[in-house]
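Please look over the sequence and the structure below before reading on. The report that follows describes the fold in plain terms.

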Amino acid sequence: MEAAMGLMRRIPPKHTETALSALLSLLPEHSSDLLSQVDQPLQVLCDMESGKEFILCEYNRDADSYRSPWSNKYHPPLEDAPQPSLELRKLEVEANEVFAIYRDHFTDQNTVRYYEGGISSVYMWEDENEGFVSCFLIKKDGSKTGHGRRGYLEEGAWDAIHVIEVGPEEEEIVQYCLTSTVMLTLTTDNESSGSFNLSGSIRRQMSMKLSVSEGHLCNMGKMIEEMEGKLRNSLDQVYFGKTNEMVCTLRPPAELVQMKLPDA
């Protein structure tokens, strides 16, 4: 199992589904662990009742049906499917509305928008420890035909998965445990930029004890915002920084080559 997880961490996100299927055939006894621990690129389905798209994942699936956060109905329809409590459903609806605003309009300190669109979904369910679990998902298609296109990427995807375990309240203090995963895929194929493929994933965890005076949603939002900043910085340093360093070493800019040439 350890070797299988190590392999999956090194597989490009767009090949995750194929690799996971092969591992499930080789290790059927570990199927439940693999399905719960391996994050796959997010898929999207349209809720015909609300007319909105929602994200598919293990956290809103029962059998072969997926629950929409907009209508709270399963697609395709499923009898006796699990549903969040009325109180938790109310919080889930509010979280989806707030997260959609964060996705479309929120900016950082330099007034740069985080996502400039995309698709988001939030799911919540009770756990066995008198608390609950929340899953915040964002999928951004950055390809030429995707949301907020810029025209440079042949293929581009940013899939963010934030799972927060919320413990029971003790004297107005709650323990929050956040596990975040980002899967990134970038591909170019044109005359100006050439052919280039960069893909990978990164996972980080964070735990905090916070007062519930401002509400669970405020606390979870602050944690997700802080974590996304850390993940973007890590991706920038690990993927883009190292790639830029290697490219400049192998193919230095013309100006740098001229500086190194001896005077005639």
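**Basis.** This is a predicted model, in which local features need pLDDT of at least 70 and side-chain atom pairs count only at pLDDT 80 or more, while totals for chains, interfaces and linings use all residues. Residues are numbered from 1 along each chain as its sequence is written, and side-chain values use heavy atoms, with hydrogens and water left out.

**The chain as a whole.** The chain has six helices and 10 strands. Helices (H or I, at least four residues) and strands (E, at least two) are DSSP runs, numbered from the N terminus. Of the 264 residues, 39% count as buried; buried means under 20% relative accessible area, exposed over 50%, and partly exposed in between (1.4 Å probe, protein chains only). A contact means heavy atoms within 4.5 Å. Among contacts between residues at least 6 apart in sequence, 51% join residues at least 24 apart.

**The five-stranded sheet.** Five strands make an open sheet in the order S6-S7-S8-S9-S10, and their pairing is antiparallel. S6 and S10 are the edge strands, each pairing on one side only. From one strand to the next the twist averages 10°. Two strands are said to pair if DSSP finds at least two bridges between them. S8 and S9 are paired over 12 bridges in the antiparallel sense, and Asp-159 stands opposite Met-183 in S9. Helix H4 packs on this sheet, where it touches S6 and S7, and the direction of H4 makes about 155° with that of S6. Such axes are lines fitted to C-alpha atoms, for helices over the stretch in contact, and angles run from 0 to 180 degrees between N-to-C directions.

**Val-133 in the sheet.** Val-133 lies in strand S7. Is Val-133 buried or exposed? Val-133 counts as buried because its relative accessibility is 8%. Leaving aside residues up to four places away in sequence, Val-133 touches Tyr-123, Met-124, Trp-125, Asp-127, Val-163, Ile-164 and Glu-165. Tyr-123 and Val-133 are 10 residues apart in sequence, and their C-alpha atoms are 8.3 Å apart in space.

**Helix H5.** H5 covers residues 216–250, which is 35 residues, and reaches 50 Å from its first C-alpha to its last, close to the 51 Å expected at 1.5 Å a residue. The expected span is 1.5 Å times one less than the number of residues. A kink of about 30° in H5 is centred on Asp-236; the bend at a residue is the angle between axes fitted to the seven residues ending there and the seven starting there. The buried residues of H5 include Leu-217, Met-220, Ile-224, Leu-231 and Tyr-239. What do the buried residues of H5 pack against? They pack against helix H4 and strands S6, S7, S8, S9 and S10.

Helix H1 (residues 2–9) has Ala-4, Met-5, Gly-6 and Met-8 as its buried residues, and their cover includes helices H2 and H3. S1 and S2 form a hairpin with four residues between them, and Gly-51 in the turn has a positive phi of about 75°. Another open sheet has three strands in the order S3-S4-S5, with antiparallel pairing. S3 and S5 stand at its edges with a single partner strand each, so one side of each is left without a neighbour in the sheet.

| Strand pair | Bridges | Bridge partners |
|---|---|---|
| S1 and S2 | five bridges | Leu-45 and Phe-54 |
| S4 and S5 | two bridges | Arg-67 and Tyr-74 |

Most residues other than glycine have a negative phi, and most peptide bonds are trans. Ala-63 has a positive phi, near 60°. Ala-63 is in the loop between S3 and S4 and is partly exposed, with a relative accessible area of 46%. Glu-172 also has a positive phi, near 65°, and is placed in the loop between S8 and S9. His-75 and Pro-76 are joined by a cis peptide bond with omega of about -10°, and Pro-76 is in the loop between S5 and H4.
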